[in-house]
Amino acid sequence: LYHVFSLSLRDVELILAERGITVTHESIRQWCLRFGADFAAKLRRRRPKPGDTWHLDEVFLRINGVLHYLWRAVDQHGVVLDILVQGRRNASAAKRFFKRLLARLKYKPKRVVTDGLRSYGVAKREVLPDVRHRSSRYLNNRAENSHRPTRRRERQMQRFKSPEQAQRFLSAHAFIYGHFRPRRHLMTAGEYRNGRVNAFRTWRQETRVQLPA
């Protein structure tokens, strides 16, 4: 509930109380810290291989008055590939993000699409020299739209408290939220309902949820 919907910890506490489950919001926070990253990693391993076009973008996060940048990569279908919170948006930061993507995904894309930030070009020439690169602010809507859930969560949480907290929460949030949010515009109504059923089945298998008899 906390990762899929824009709810506060106290909102989740109230929903559980209505279902007869008495638990404090602090316990829910500890559950998210303990299990969120593990559940997200399991969902990441279960997903199909992402597409061969990577859309990369970065947005600023102001944490304790200091400007940081959230780097995000999605494929051509809008599926989140990875995120990384960094203090810079220079060539070194771009290269670090490219190398992280390659290490986690284990394959190279056919094409990389970015905005006009020059750091992407420098990093791409060094890390992915044989990959096609398109640079245009109008071609990168996939990645830019993918930042919207993050902005909603940032407002709900009244900003992130540290770069480490932002990285930890958003890494889990991106994959858990995305697992229950298939690309509906690419599906018929029947396909969407089947995808939703499969998403809940996978979640129950990976989290060992026991349904009531």
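Guide: With a definition: rings of Phe, Tyr and Trp (its six-membered ring) pair if their centres lie within 6.5 Å, and planes under 30 degrees apart count as stacked, over 60 as edge-to-face and the rest as tilted. The model is predicted: local features need pLDDT of at least 70, side-chain atom pairs count only at pLDDT 80 or more, and totals for chains, interfaces and linings use all residues. Residues are numbered from 1 along each chain as its sequence is written, and side-chain values use heavy atoms, leaving out hydrogens and water.

Visitor: How many aromatic pairs does the structure hold, and how are the rings of Trp71 and Phe97 arranged?

Guide: There are nine aromatic pairs in the structure. For Trp71 and Phe97, the ring centres are 6.2 Å apart and the planes meet at 55°, so call this pair tilted.

Visitor: Which parts does that pair tie together?

Guide: Helices (H or I, at least four residues) and strands (E, at least two) are DSSP runs, numbered from the N terminus. Trp71 and Phe97 are 26 residues apart in sequence, and both are buried (under 20% relative accessible area, where exposed means over 50% and partly exposed in between, with a 1.4 Å probe and protein chains only). Trp71 sits in one part and Phe97 in the other, so the pair ties together strand β2 and helix α3.

Visitor: What about Phe180 and Phe200: where are they, and how are their rings arranged?

Guide: Phe180 is in the loop between α7 and α8 (189-207), and Phe200 is in helix α8, 20 residues apart. Phe180 is buried, with a relative accessible area of 16%, whereas Phe200 is partly exposed at 41%. The ring centres are 5.3 Å apart and the planes are at 50°, so the pair is tilted.

Visitor: How far apart in space are Phe35 and Val80?

Guide: In sequence they're separated by 45 residues. Going C-alpha to C-alpha, the distance in space is 20 Å.

Visitor: Which Arg residue lies over the face of Phe60?

Guide: A charge sits over a ring if NZ of Lys or CZ of Arg is within 6 Å of the ring centre and within 35 degrees of the ring normal. Phe175 has Arg44 over its face, at 4.2 Å from the ring centre. For Phe60, at 5.0 Å from the ring centre, the residue is Arg151.

Visitor: Now the sheet: which strands stand at the edges?

Guide: Two strands pair if DSSP finds at least two bridges between them. This open sheet has five strands with mixed pairing, in the order β3-β2-β1-β4-β5. Each edge strand has a single partner, so one side is left without a neighbour in the sheet; the edges are β3 (80-86) and β5 (132-135).

Visitor: In which sense do β2 and β3 pair?

Guide: Strand β2 (residues 66-75) also joins β1 (residues 53-63) through ten bridges, running antiparallel, with Leu61 opposite His68. On the β3 side, Arg72 stands opposite Ile83. There are six bridges between β2 and β3, and the sense is antiparallel.

Visitor: Which residue takes a positive phi in the hairpin of β2 and β3?

Guide: In the hairpin of β1 and β2, with two residues between the strands, Asn64 has a positive phi near 55°. The hairpin of β2 and β3 has four residues between the strands, and the one with positive phi, near 90°, is Gly78.

Visitor: Last one: which residues does Gln165 touch?

Guide: Gln165 is found in helix α7, where 13 of the 17 residues are buried. At 18% relative accessibility, Gln165 counts as buried too. Leaving out residues up to four places away in sequence, its contacts (heavy atoms within 4.5 Å) are Met157 and Phe160.
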